[in-house]
Amino acid sequence: MGFYLYCIVPRDHAPPEGLTGVDGAPVTSRGVDRVAIWESDLDRPPRPDLERLRAHDRVVRAAFSAGITPLPARFGQWFPDGGTLSSRISGSAGLYEEALRNIAGAVEFGMRLIDPAAPARPPPPPSEEAGAGKAYLRQVAQRRKGGNGRGRELGRELRSLVGSWVTDTRVASPSASGELAQVAHLVRVDEVDAYRAAVGVFRERHPDLRVSLTGPWPPYSFGP
Amino acid sequence: MNELEHLDEGQHVALVDLVNRLMDRGVVVSGEVVISVADVDLLYLNLNLLLSSVETVLSPSSASERAPEAPPEPER
């Protein structure tokens, strides 16, 4: 009988009656130090599949409440006994408390800026000739550098438009060819409409770009 | 996973974002994630077979081991 962690929330914030999570397991809360955790009793670490990922995310989303935003755990946090989980949480309780304050009343949006004109695939891998590998890497670096330069410029413009509505940002490395930038924005719930409108302005200014906005998400990107 | 065959682009991106967030972000309490590398590979392989954009699904590092040359964590 192990313990599977979904999220960290303010002390005394309990799940709604009957909430179930991964593999249909009931979700319960437990106070640890100055925070609380939402967890399920699970026999073993759950294997990641789409259904379980969605179940985990659903539990985290159920933890949103007026003025309360949960701090999501990464998928897969399983502990063989409650004591181990508690002591690990206690060990960083101050950090979690601070993170909960920072994210309170906010949600995450993810944005990708994609240049559809960029090649869909990276350059083909080098042949087995001597020096070809080095030349290939130089090519990839060159392409990335060029893309990132534009990405940074666009990032600045984006910040000038949405900055008023974004309380925190995390920048991720672009993960695909043609992707100029990938960011996570933390936005207060009552400023979401203004934020979306500002993103709309950015889109209008750059009809050549694909601006992919997903969310709202629980703030997976804004942990301590 | 038949549902994945008929995703529009927006749904496709949202799915990739879901997987990236749950597998690669979120608080790690213990300093390690108790999922085997094989299970993570299998997850991405299964999604990969049904999603058209190979690169965006394959880029995250594995959940249970993080080699130094893995993609950096989201940074401020």
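Modeller: A residue is called buried under 20% relative accessible area, exposed over 50% and partly exposed in between (1.4 Å probe, protein chains only). This is a predicted model, in which local features need pLDDT of at least 70 and side-chain atom pairs pLDDT 80 or more, while totals for chains, interfaces and linings use all residues. Residues are numbered from 1 along each chain as its sequence is written, chains are lettered from A and ligands numbered from 1 in the order written, and side-chain values use heavy atoms, without hydrogens and water.

Helix α1 of chain A (residues 50–62) packs against helix α1 of chain B (residues 9–24) at an angle of about 75°, with the axes 10 Å apart. Helices (H or I, at least four residues) and strands (E, at least two) are DSSP runs numbered from the N terminus; axes are fitted to C-alpha atoms, for helices over the stretch in contact, and angles run from 0 to 180 degrees between N-to-C directions. α1(A) and α1(B) are therefore roughly perpendicular (65 to 115 degrees). On the chain A side the contact (heavy atoms within 4.5 Å) is made by Leu50(A), Leu53(A), Arg54(A), His56(A) and Asp57(A). Leu15(B), Leu18(B), Val19(B), Leu22(B) and Met23(B) meet them from α1(B). Seven of the contact residues are nonpolar, one is polar and two are charged; Asp, Glu, Lys and Arg count as charged, Ala, Val, Leu, Ile, Met, Phe, Trp, Tyr, Cys and Pro as nonpolar, the others, Gly among them, as polar.

Asp57(A), in helix α1 of chain A, is buried, with a relative accessible area of 7%. Leaving aside residues up to four places away in sequence, Asp57(A) touches Leu18(B) and Leu22(B) as well as Pro218(A) and Tyr220(A).

Met23(B) also belongs to the largest nonpolar core, which has 31 residues; Met23(B) and Trp38(A) touch the most other members. Such a core is a set of buried Ala, Val, Leu, Ile, Met, Phe, Trp, Tyr and Cys residues joined through side-chain atoms within 4.5 Å. At least two of its residues come from each of β1 (2–10), β3 (35–42) and α1 of chain A, and α1 and α2 (37–50) of chain B.

As for the rest of chain A, it has five helices and nine strands, and 47% of its 224 residues are buried. In helix α3 (residues 93–103), Ala99(A) is buried at 5% relative accessibility. Ala99(A) touches Leu71(A) and Pro224(A), again not counting residues up to four places away in sequence.

Methods: Parallel < 35°, antiparallel > 145°, perpendicular 65-115°, else oblique.
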